[in-house]
Structure formats: C-alpha cells, structure tokens
Amino acid sequence: MKTILAPVDFSDATDAVVAEATALARALHGRVVLFNVVKPPSIPAEYPPLLQDAAEIIAEGEKHAAQALAGLEAKICSDFVTAEHHHAVGAPISLILEEAAQRKADYIVIGSHGHTALYELLIGGTAQGVLKRAKCPVLIVPATKVKGRKSQRRRTVAAV
C-alpha cells in the first residue's frame, strides 16, 4: 500500500492539499498520513516568564492540531480512503522529512502559499525546503491568487 504524506498547516491551501492527497491515494490504492507541525514561538532567553506562556501556547496549538487533523481524517475516510494523522512540535521542514522517512512515504503532497520569488529567496518556504531535501517525489499544490476571488489551485509535480 502506497503512503502519501500530507503536511498541512490549516491555511487556505489545506483543503486543496487534502483533496490532492486523497485523489492520489485513491488512484494508487494507498493511504493518506496527515501531518501538522506546531511551531513553537520564538522567545528570547532573557524573558524566562514568557517560557511558561510558551508552553501553554504550544499545548493549545497541539490541542487544536489534534482536533483539526481528526476532522480532516474523518473527511478522507468518508471518501473511502484510509487515513491517519500525527502532529509534532518543532521545525517544520526537518520534522516533515523525518515523518516521511519514518512512514516510508512514497509521495509528499504539500501546499505552497504563493509568496513572491523575492520572499522565497530571502525567507524560504516550507514547501521549497521539503522539495530540495525529500527522498521521494513531492507534489506541490500552489495557491494562486485570482483577482476578486479566493485562491485557485493548479498542480505542479516535481520528482526528487
């Protein structure tokens, strides 16, 4: 059974990522592994009182992720596709790659937020980082802005 890892961040791209991952799993008679990374807030070391707040923020983020992932999993399963979900706390790119390796993912389906080329060059992006280092094919579902409408999706496939 093929494994499709679908990292989601609950942005506008999430529904498109889940739809593409579900379609790919159905075509390959595979399963979807939904994955979310809760990124801890950046707190300078000289502010120890904020560290307790950070723990609460992370715990709340994990709670939200678990609930949202369970809802997405139920949606996929209602389409008669096998699904499961996991979440972790830390740096998104490295954790996505670790999850792909651990699950022996055959494909990664990930969303792009459609930032400008300058933004991607200066800041980078999770999808770009995963694409550069993944050991399996990566399907990127970009968000494209259409004037006067919400985002529209198109497909880009890159084999690594």
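Predicted model: local features only at pLDDT ≥ 70, side-chain atom pairs only at ≥ 80, totals over all residues.
Colleague: How does Cys77 count?

Modeller: Cys77 counts as partly exposed, at 36% relative accessibility. The cut-off for exposed is over 50%.

Colleague: How many disulfides are there?

Modeller: The test is a pair of cysteine sulfur atoms within 2.5 Å. By this rule the count is zero.

Colleague: Now the overall layout. Which elements does the protein chain have, and in what order?

Modeller: The protein chain has five helices and seven strands. From the N terminus on, the order is β-α-β-α-β-α-β-α-α-β-β-β.

Colleague: What do the totals for burial, surface and contacts come to?

Modeller: Of the 160 residues in the protein chain, 37% count as buried. The accessible surface is about 9500 Å², and carbon and sulfur atoms own 57% of that. For contacts, look at sequence separation. Among contacts in the protein chain with a separation of 6 or more, 69% join residues 24 or more positions apart.

Colleague: How do I read the two faces of a strand?

Modeller: In a regular strand, side chains alternate between the two faces of the sheet. Take strand E1, residues 3-7. Thr3, Leu5 and Pro7 are on one side, Ile4 and Ala6 are on the other, and all are buried. Five of the five residues of E1 are buried, so the strand is largely enclosed by the rest of the structure.

Colleague: Which strands pair with E1, and in what sense?

Modeller: Strand E2, residues 31-38, pairs with E1 in the parallel sense over five bridges. The chain gets from E1 to E2 through helix H1, residues 14-28, and this β-α-β crossover is right-handed. Strand E4, residues 107-112, pairs with E1 over two bridges, in the parallel sense.

Colleague: How many residues of E4 are buried?

Modeller: Five of the six are buried, so E4 is largely enclosed by the rest of the structure.

Colleague: What does Val33 touch?

Modeller: Val33 is in strand E2. Val33 counts as buried, at 0% relative accessibility. Leaving out residues up to four places away in sequence, Val33 touches Thr3, Ile4, Leu5, Ala6, Glu84, His86, Glu99 and Arg103. Take Glu99 from that list. Val33 and Glu99 are 66 residues apart along the chain, yet their C-alpha atoms are separated by 9.5 Å.

Colleague: Where is Thr14, and what does Thr14 touch?

Modeller: Thr14 is in helix H1. Thr14 is buried, with a relative accessible area of 5%. Its contacts are Val8, Asp9 and Leu72, not counting residues up to four places away in sequence.

Colleague: How do I read the buried side of a helix? Which residues of H5 are buried?

Modeller: List the buried residues, then view them down the axis. In helix H5, residues 126-133, the buried ones are Ala127, Gly129 and Val130. Down the axis of H5, these buried residues fall within an arc of 165 degrees, so they line one face of the helix.

Colleague: Last, backbone angles. What should I look for in phi?

Modeller: Most residues other than glycine have a negative phi. His29 is one case, with phi near 55 degrees. Lys104 is another non-glycine with a positive phi, about 55 degrees.

Colleague: Where do His29 and Lys104 lie?

Modeller: His29 is in the loop between H1 and E2. Lys104 is in the loop between helix H3, residues 92-103, and E4.

Colleague: Are those residues buried or exposed?

Modeller: His29 counts as exposed, at 66% relative accessibility. Lys104 is exposed, with a relative accessible area of 66%.

Key. Residues numbered from 1 in each chain as written. Heavy atoms only, no water. Buried < 20%, exposed > 50% of the residue type's maximum accessible area, 1.4 Å probe, protein only. Helix = DSSP H or I, 4+ residues; strand = E, 2+ residues; numbered from the N terminus. Pairing = 2+ DSSP bridges. Right-handed = clockwise from strand over helix to strand, strands pointing away. Contact = heavy atoms within 4.5 Å. Areas by Shrake-Rupley, 256 points an atom, 1.4 Å probe, with all protein chains shown as cover. Arc of directions from axis to C-beta.
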